[in-house]
Amino acid sequence: ADFSGSGMLRLASKRASLATPRLARGLAYPPHTVLGMPALSPTMTEGGVEKYLVKVGDAIAAGDRIAEVSTDKATVDFDVVDDGIVAKFLIPEGTQDVAVGTPMIVLCDEPEDVAAFADFTAGAAAPAEAPAAAA
């Protein structure tokens, strides 16, 4: 019997499953962190994304400037406190009146996981978000 064909089918099937976004297979996204719109002043309740200073796929480290965020008083740098790889921007540049805590950027742990977040939405982030602590 010739089993070479079934081996090729299994290999092709495995390759196809690796290329399929994980959400489509009902699995969770790879390990990630969702950064919300930061409160950059004690009175800030909303802000605007003026400009991102990083690109999708960039590795960032704690202390890196990743965006310019406008408050009601000034434009301030958003310095990240987490290490990771920028996987997705959830709020487009130029968006104003964004509530503090609104999911803004997705960071993942591994560069090869960036593609898995191509269709990630802020709605997908909501259940994973911890409730904000009372100020």
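A residue counts as buried when its relative accessible area is under 20%, as exposed when that is over 50%, and as partly exposed in between (1.4 Å probe, protein chains only). By that rule Phe120 is buried, with a relative accessible area of 2%. Keep this in mind as we walk through the structure.

First, some ground rules. This is a predicted model, where local features need pLDDT of at least 70 and side-chain atom pairs count only at pLDDT 80 or more, while totals for chains, interfaces and linings use all residues. Residues are numbered from 1 along each chain as its sequence is written, and side-chain values use heavy atoms, with hydrogens and water left out.

**The overall layout**

The protein chain has two helices and eight strands, and along the sequence they come in the order α-β-β-β-β-β-β-β-β-α. Here helices (H or I, at least four residues) and strands (E, at least two) are DSSP runs, numbered from the N terminus. The chain has 135 residues, and 30% of them count as buried. Take the contacts (heavy atoms within 4.5 Å) with a separation of 6 or more: residues 24 or more positions apart account for 62% of them.

**A cluster of rings**

Rings of Phe, Tyr and Trp (its six-membered ring) pair if their centres lie within 6.5 Å; planes under 30 degrees apart are stacked, over 60 edge-to-face, and the rest tilted. The count comes to four aromatic pairs. Two of them involve Tyr29:

| Pair | Centre to centre | Angle between planes | Type |
|---|---|---|---|
| Tyr29 and Phe117 | 5.1 Å | 20 degrees | stacked |
| Tyr29 and Phe120 | 4.8 Å | 70 degrees | edge-to-face |

Tyr29 sits in the loop between helix H1 (4–19) and strand S1 (32–36), and Phe117 in the loop between strand S8 (103–108) and helix H2 (122–125), so their pair ties together parts 88 residues apart in sequence. Phe120 is also in the loop between S8 and H2, and its pair with Tyr29 spans 91 residues. Ring pairs link Tyr29, Phe117 and Phe120 into a cluster. Is Tyr29 buried or exposed? Its relative accessible area is 15%, so Tyr29 is buried. Phe117 is buried too.

**Strand S6 and its partners**

Now look at strand S6 (residues 84–89): five of its six residues are buried. Two strands pair if DSSP finds at least two bridges between them. Strand S3 (residues 59–60) runs antiparallel to S6, with two bridges joining them, and Ala59 has Ile85 as its bridge partner in S6. S6 also pairs with S8, again antiparallel, over four bridges. There, Lys88 stands opposite Val106.

**Two nonpolar cores**

A nonpolar core is a set of buried Ala, Val, Leu, Ile, Met, Phe, Trp, Tyr and Cys residues joined through side-chain atoms within 4.5 Å. The largest has 18 residues, and Ile66, Met104 and Ile105 have the most contacts inside it. Strand S2 (46–52), strand S4 (65–70) and S8 each supply at least two residues of this core. Apart from it lies another core, of 11 residues, including Val34, Ala87, Val106 and Val114.

**A look at Glu50**

Glu50 is in strand S2, and its relative accessibility is 34%, so Glu50 is partly exposed. Which side chain does Glu50 join through a polar contact? That would be Gln96, at 2.9 Å. A polar contact is a pair of N or O atoms within 3.5 Å; within protein, one must be able to donate a hydrogen and the other to accept it, and residues adjacent in sequence count only if both atoms are side-chain atoms. Glu50 and Ser70 are 20 residues apart in sequence, with their C-alpha atoms 6.4 Å apart.
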